[in-house]
Amino acid sequence: MTAPAPNGVPDADARAAPDAVSCAGLVHAFGETTAVDGLDLAVRDGDVFGLLGPNGAGKTTALRCITTLLPVPRGRSVLFGYDATRERMAVRRLLGYVPQQLSADSGLTGRENVTLFARVFDVSRRERAARVAQALDAVGLTDAADRLAKTYSGGMVRRLELAQALVSAPRLLILDEPTIGLDPIARTSVREHINAVRAATGMTVLVTTHYMDEADQYCDRGALMHRGRVRALGTPRELRTGLAERRGNTGDGEPPTLEDVFRDVADSGLDDRSGDFSDVRSTRRTASRVG
Ligand SMILES: Nc1ncnc2c1ncn2[C@@H]1O[C@H](COP(=O)(O)OP(=O)(O)OP(=O)(O)O)[C@@H](O)[C@H]1O
Ligand SMILES: [Mg+2]
């Protein structure tokens with residue numbers, strides 16, 4: 001909320017603190033396939049936000065629009081007040097991105113891979129070597145920095161990609177399935193490295209994951225996406241209690257987990273244009289009042 005100052009002019013601090021990400025009616029189609037279909041999303045500055053949902057929900061496509069790698073033909077995506085279509089370079093300077101597909105070059109060393117990103121993201125030549133070393137250190141790869149990436153394990157490659165994304169000191173880190181295929185120790189290690197950087201810099205994190213336990217523990221807020229749109233939004237606790245309410249809050253059995261919320265959204269059989277979760281909820285409330 002913008003608090004009015006005594007002179008009626010909006011408070012400057014409030015204006016200076018827009019959401020990290022704000023998408024409104026975002027649409028992206030690949031031919032006949034509308035992968036993102038009117039996405040509304042707000043990620044607060046400083047939060048860890050989980051974008052969750054089944055395979056094919058449109059998460060990766062949405063992230064690629066937000067990073068400006070894909071165009072935004074309809075709707076808007078705005079990062080820290082900068083428009084993804086009109087101010088692409090400004091948006092790119094603010095973010096680091098770890099894509100779902102592996103992106104490190106196996107024929108280069110860890111240090112060379114991160115240096116490449118530092119150059120692409122315009123880290124000044126004077127600072128470059130120190131910033132590369134810092135990013136490698138932040139993900140625990142200092143000792144392996146001068147080995148070829150093809151000699152790294154899967155977990156090390158994922159941490160290398162994290163270093164690539166961190167080297168430009170982004171305000172927003174976007175991670176698409178950062179821990180997929182990693183063992184539980186490596187997953188914890190990736191999370192801890194990200195947490196350490198957040199504690200030091202206040203960086204915002206937007207992350208997709210299929211591990212609902214991880215999302216429950218790690219995310220401040222999350223959105224369940226299905227067929228290109230957000231169907232439920234809130235803190236993990238709000239998402240869980242929302243499902244308990246929809247189920248009638250009988251108190252029988254175990255309280256729902258985030259995985260139950262995921263299944264509920266994924267199995268909801270919403271036909272594409274028939275509205276979202278909140279509609280389902282209000283319809284049920286109306287039905288119970290009427291019935
Ligand atoms: N480059 C592309 N060309 C054509 N169709 C695509 C392309 N990328 C994605 N799609 C389609 O868009 C839809 C959404 O895909 P997307 O990769 O965004 O989903 P996702 O939520 O990231 O899924 P996953 O959890 O499996 O990563 C799918 O139907 C997919 O087949
Ligand atoms: Mg994906």
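Trainee: Before we start, what do I need to know about the numbering and the model?

Mentor: Residues are numbered from 1 along each chain as its sequence is written, while chains are lettered from A and ligands numbered from 1 in the order in which they are written. The model is predicted, and local features need pLDDT of at least 70, side-chain atom pairs count only at pLDDT 80 or more, and totals for chains, interfaces and linings use all residues.

Trainee: Okay. Is strand β7 buried or exposed?

Mentor: Terms first. Helices (H or I, at least four residues) and strands (E, at least two) are DSSP runs, numbered from the N terminus. A residue is buried if 20 or more other C-beta atoms lie within 10 Å of its own, exposed if 12 or fewer, and partly exposed in between, with C-beta atoms placed from the backbone. Now the case: five of the five residues of β7 (residues 172-176) are buried, so the strand is largely enclosed by the rest of the structure. Leu172, Ile174 and Asp176 cover one side, Leu173 and Leu175 the other.

Trainee: Which strands pair with β7?

Mentor: Two strands pair if DSSP finds at least two bridges between them. β7 pairs with β6 (residues 95-98) in the parallel sense over four bridges, and there Gly96 stands opposite Leu173. Five bridges join β7 to β8 (residues 204-208), again running parallel, with Val207 in β8 as the bridge partner of Leu175. To get from β7 to β8 the chain passes through helix α7 (residues 184-201), and this β-α-β crossover is right-handed. Right-handed means that, with the strands pointing away from the viewer, the path from the first strand over the helix to the second runs clockwise.

Trainee: What about β3: buried or exposed?

Mentor: Five of the five residues of β3 (residues 48-52) are buried, so the rest of the structure largely encloses this strand. Val48, Gly50 and Leu52 point one way, and Phe49 and Leu51 the other way. Four bridges join β3 to β8 in parallel, and four join β3 to β9 (residues 221-226), in parallel as well. Look at Leu51: its bridge partner in β8 is Thr208, and in β9 it stands opposite Ala223.

Trainee: How do I read an open sheet, and what is the strand order here?

Mentor: Follow the pairings from strand to strand. In this one, four strands have the order β2-β1-β4-β5, with antiparallel pairing. β2 and β5 (82-83) are at the edges with a single partner strand each, so one side of each has no neighbour in the sheet. Two bridges join β4 (residues 74-79) to β5, and Leu79 has Tyr82 as its bridge partner in β5.

Trainee: How many residues does helix α5 have, and what does it reach?

Mentor: The expected span of a helix is 1.5 Å times one less than its number of residues. α5 (residues 125-138) has 14 residues and reaches 20 Å from its first C-alpha to its last, close to the 20 Å expected. Its buried residues are Arg131, Val132, Ala135 and Leu136, and the buried residues of α5 pack against α4 (110-120) and α6 (154-166). Contact here means that the C-beta atoms of two residues, placed from the backbone, lie within 7 Å. After α5 comes Gly140, with a positive phi near 70°.

Trainee: And α6, how many of its residues are buried?

Mentor: Eleven of the 13 are buried, so α6 is largely enclosed by the rest of the structure. Those buried residues pack against β6, α4, α5, β7 and α7.

Trainee: Last one: which residues surround ligand 1?

Mentor: A residue is near a molecule or strand if its C-beta atom, placed from the backbone, lies within 6 Å of it. Around ligand 1 you find residues including Phe30, Thr33, Asn55, Lys59 and Gln100. The largest share of the shell, three residues, comes from α2, and both β2 (33-43) and α2 (59-66) supply at least two residues. The shell divides into three nonpolar, eight polar and one charged.

Note on methods: Ala, Val, Leu, Ile, Met, Phe, Trp, Tyr, Cys and Pro count as nonpolar, Asp, Glu, Lys and Arg as charged, and the others, Gly among them, as polar.
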